[in-house]
Amino acid sequence: MKTKRQIKEKLHLIAKTLESYSLNTTSNADIGVLSGGAGIALFYFYYSRFFENENSADLGATIIEDVVVQINNGYNFHTFCGGIAGAAWVLDHIEEEEYVELDADQLLEPLDEYLAKVMKVDTSPNFFDFLHGLLGIGMYFFKRYQNTKSEKLKNKYKDYLLEIVTLVKTASIEENGMMRWDTILIQETKLIGCNLALSHGIPSIVNFMSRLAVYEDFKPLVEGDIQKTVKYILQTQNEKDTFTSCFPNWVEGYKKEGSNSRLAWCYGDLGIGLSLWQAGKALDNTQIKDKAIEIFMHATHRRDDEDTLIKDAGICHGSFGVMHIFQFMYEETGITPFQEAADFWLDYSLSIDTHQEGYAGYMKWQGGENAGWENEYVLLDGIAGIGLTLISYLNPKQMQWNECLMMG
């Protein structure tokens with residue numbers, strides 16, 4: 001088990017490495033929370049509070065100022081992952097957590113009409129995608145609904161959220177008491193089916209609606225749909241013992257051939273477990289919560305590289321993401337094997353900082369035709385996200401940021 005001193009040394013190295021990041025000079029032009037500058041600023045704010053380092057807060061504020069300048073200069077990429085919705089979520093979050101003093105109602109309202117317009121335009125089969133589509137915009141509007149100090153604005157965000165629910169529900173396929181959504185699974189072949197990824201698929205719908213269900217403004221509209229969608233997800237579970245994961249990456253309608261999925265935040269059992277856990281809490285349904293715990297308990301035993309398919313350390317599909325999910329679930333449940341799994345994946349993650357050309361020893365694995373290793377700064381699959389998971393490991397009270405991953 002690595003010592004706190006070793007973890008803090010890694011955090012200092014990450015912070016130092018990130019100093020070379022500049023929104024104005026980097027080839028990565030994104031401003032959003034997961035793949036852009038706002039997520040790097042988020043790391044600096046959490047790092048500054050953990051280490052009581054005002055200089056780091058100033059670095060975060062500088063990046064945020066650059067983000068706002070970019071928007072004022074006409075930046076118009078809308079997504080939660082890389083664009084305006086994610087950057088605006090961070091602005092609201094850092095005011096909520098009292099990292100900065102700003103008037104989010106005044107600063108962010110001018111963005112609302114644009115984002116509301118964008119969410120009505122996309123009619124593709126993948127329109128509800130959390131990272132790049134409708135649900136990401138919904139996460140921003142939900143944040144504003146929770147935090148706005150204006151009753152007028154709260155009612156406006158309520159209307160936006162109700163419209164999102166209607167758009168999502170209209171696109172659903174309801175059969176046999178279950179609800180599902182068809183999307184394009186493989187762009188090259190135009191394969192259509194049901195995506196079971198938290199990042200892009202049906203679990204994100206359950207997760208998002210479960211957040212709304214906590215509020216009486218939305219509960220009557222979404223409660224039944226959550227139950228129907230959970231029922232559909234559960235019937236996709238692998239049936240054969242030859243598969244080490246509980247669920248496949250996707251299914252074609254009700255066709256169940258079964259397949260293995262990776263151990264990761266983006267695809268696989270952990271994302272499904274997180275969404276079922278969210279649903280169980282929102283509906284006060286012990287059966288759904290118990291099923292989520294069963295999935296996580298099964299995942300604690302998956303540690304072989306060939307089974308987990310883990311190649312790098314980042315949050316999205318790497319080992320620090322797995323570590324953080326188990327740490328989060330331990331904080332939620334107090335179940336000891338979850339803490340033990342988090343400790344295992346922490347040690348594993350700190351042992352693979354072996355890239356001499358990497359940032360703080362880490363590089364991102366990029367698959368596909370041009371597969372290879374890349375350096376990355378950002379939250380989703382770079383060192384900013386690794387740093388945030390380490391801060392939360394040392395101080396679980398500093399875990400609020402993970403709401404941007406549909407966890408908190």
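How many residues in the lining of the largest cavity are nonpolar, how many polar and how many charged? The legends below answer this and describe other parts of the structure.

This is a predicted model, in which local features need pLDDT of at least 70 and side-chain atom pairs count only at pLDDT 80 or more, while totals for chains, interfaces and linings use all residues. Residues are numbered from 1 along each chain as its sequence is written, and side-chain values use heavy atoms, with hydrogens and water left out.

**View 1. The largest cavity and its lining.** A cavity is a set of points, on a 1 Å grid over the protein atoms alone, where a 1.4 Å probe fits but cannot get out; lining residues have an atom within 4 Å of a point. One cavity of 30 Å³ or more is counted. The largest cavity holds about 70 Å³ of space, a volume being the space filled by probe spheres set on grid points joined across faces, edges and corners. Its lining includes Tyr359, Tyr362, Lys364 and Asp381. The lining residues divide into six nonpolar, two polar and four charged. Here Ala, Val, Leu, Ile, Met, Phe, Trp, Tyr, Cys and Pro count as nonpolar, Asp, Glu, Lys and Arg as charged, and the others, Gly among them, as polar.

**View 2. The largest pocket.** A pocket is an open set of points with protein on both sides within 12 Å along at least five of seven lines. The largest pocket has a volume of about 880 Å³. Of its 33 lining residues, His132, Ser199, His200, Cys266 and Tyr267 lie nearest the centre. The lining comprises ten nonpolar, 15 polar and eight charged residues.

**View 3. The open sheet β3-β4-β5.** Strands are DSSP runs (E, at least two residues), numbered from the N terminus, and two of them pair if DSSP finds at least two bridges between them. Three strands lie in the order β3-β4-β5, with antiparallel pairing. The edge strands, β3 and β5 (250-251), each pair on one side only. Strand β4 (residues 191-195) is joined to β5 by two bridges, and Cys194 stands opposite Val251 in β5.

**View 4. Cysteines without a disulfide.** A disulfide is a pair of cysteine sulfur atoms within 2.5 Å, and the count is zero. The sulfur of Cys266 is 4.0 Å from the closest cysteine sulfur, in Cys316, and is therefore too far for a bond. Cys266 is buried, at 6% relative accessible area (buried means under 20%, exposed over 50%, partly exposed in between, with a 1.4 Å probe and protein chains only).

Note on methods:
Helices (H or I, at least four residues) and strands (E, at least two) are DSSP runs, numbered from the N terminus.
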